[in-house]
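Please open the model in your viewer and keep the selection tool at hand. Each stop below gives something to select and then says what is there.

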Amino acid sequence: MLLRLRNRLLPLLRAASPLPSPIHTGACRLISTSKATSRVPFSLEGYLVTACGLAPAQAREVSKKASHDLSKESRRTPDKLSYSRLNSASNPDSILALLSGAGLSRADIAAVVSADPLLLRASVKNIAPRLLALRDRVGLSTPQIASFLLIDSHALRSCDVVPRLEFFISFYGSFEKVLVAAKRNGNLLVSSIDNLIKPNIALFRQWGVRDIAQLCLTVPRLLTYNLERLKECLPRAEQLGVPPTSGRFGHAVAIVSCMSEEKLAAKLEFFKRTLGCSECDVSTAVSKTPGIIALSDEILLRKIEFLCNEAAMEPRYIVEKSVLLTYSLEKSSL
């Protein structure tokens, strides 16, 4: 078994060596001359142009993004070793070679590095087997690997993402749906399956949510809520008149999770006062369109005044068609 693993890792590890790789001629020239130019201070911006093929203006913006992201990550988890990997072309060269060895095109690599320039400082010994496993264990094609890296290469460099991908592909039903969820929740593929994701799914089952996968595809951040926080939010969402069996339940949970009980009560009182309706009517409106709770009083008042005064609608009609309050006022006036 160890021999088979060695034979499968060897091509990727060779690709990560400073030998010329199939990535493209610019990168090969840079790799071959890196020793000769070792006395020149390394410039990430220049490297992005020379080795990755980015335009100078784009390279400047990506370099700024790298500095900003590196500053944030350093505050969370200081790591001098990973920081030093961006002090020369050595580690970036190896990462580019790995990506090329995995089958990514020059355009793919440029797009991935632009989206996450800190990938260039990732540990080669960690990235190599993970890339291999995306293809051989998860069964992803080269275009799928490129799509995944564009959306969440952070997960690839931060943790053993393969078991998480396998779990979520089974949970959501397809790799494409996992990409949608990961794009909506950047913490999804770095969260603990056993300690966070599975307990939250079990809680949804206890509450009688029918299609948990669909609910958590629409609002995937629900899966990464702290369990105690989720336990508090579920009954509050149901009290708004949105049952767990409703497709709108996830939105209701997400909205109440961001509002204190006092603020929520004030918002419901605002609807009663402004539309002259009962608490039951407000509950009906919110159950149909939970998103209206998240709108500011100022925006809601402008929309209600427009609908009543300009569109000649009765307050009762607005309550029944509460989705009207989510429409753009500018578009409504056209």
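**Cysteines**

Begin by selecting Cys-308, which counts as partly exposed at 24% relative accessibility; in these terms, buried means under 20% relative accessible area, exposed over 50%, and partly exposed in between, with a 1.4 Å probe and protein chains only. Before going further, note that this is a predicted model, in which local features need pLDDT of at least 70 and side-chain atom pairs count only at pLDDT 80 or more, while totals for chains, interfaces and linings use all residues. Residues are numbered from 1 along each chain as its sequence is written, and side-chain values use heavy atoms, with hydrogens and water left out.

Next select Cys-280, which is exposed, with a relative accessible area of 56%. The closest cysteine sulfur to that of Cys-280 belongs to Cys-277 and lies 9.7 Å away, which is too far for a bond. A search of the whole structure finds 0 disulfides, a disulfide being a pair of cysteine sulfur atoms within 2.5 Å.

**Helix H18**

Now select residues 297–310, which form helix H18; helices (H or I, at least four residues) are DSSP runs, numbered from the N terminus. Which residues are buried in H18? They are Leu-300, Lys-303, Ile-304, Phe-306 and Leu-307, and they cover an arc of only 160 degrees around the axis, so they lie on the same side of H18. The arc is that of the directions from the helix axis to the C-beta atoms. Turn to the other side of H18, where Glu-298, Asn-309 and Glu-310 are exposed. Just after H18, select Ala-312, which takes a positive phi of about 55 degrees.

**Aromatic rings**

A search of the whole structure finds 6 aromatic pairs, where rings of Phe, Tyr and Trp (its six-membered ring) pair if their centres lie within 6.5 Å, and planes under 30 degrees apart count as stacked, over 60 as edge-to-face and the rest as tilted. Select Phe-42 and Tyr-47 to see a tilted pair, 5.6 Å centre to centre with 55 degrees between the planes. Of these two residues, Phe-42 is partly exposed at 24% relative accessibility, whereas Tyr-47 is buried at 3%.

Move on to Phe-168 and Tyr-172, whose ring centres are 6.1 Å apart and whose planes meet at 25 degrees, so the pair is stacked. Both residues lie in helix H10 (residues 161–172), 4 residues apart, about one turn of the helix, and both Phe-168 and Tyr-172 are buried.

Methods:
Helices (H or I, at least four residues) and strands (E, at least two) are DSSP runs, numbered from the N terminus. The expected span of a helix is 1.5 Å times one less than its number of residues.
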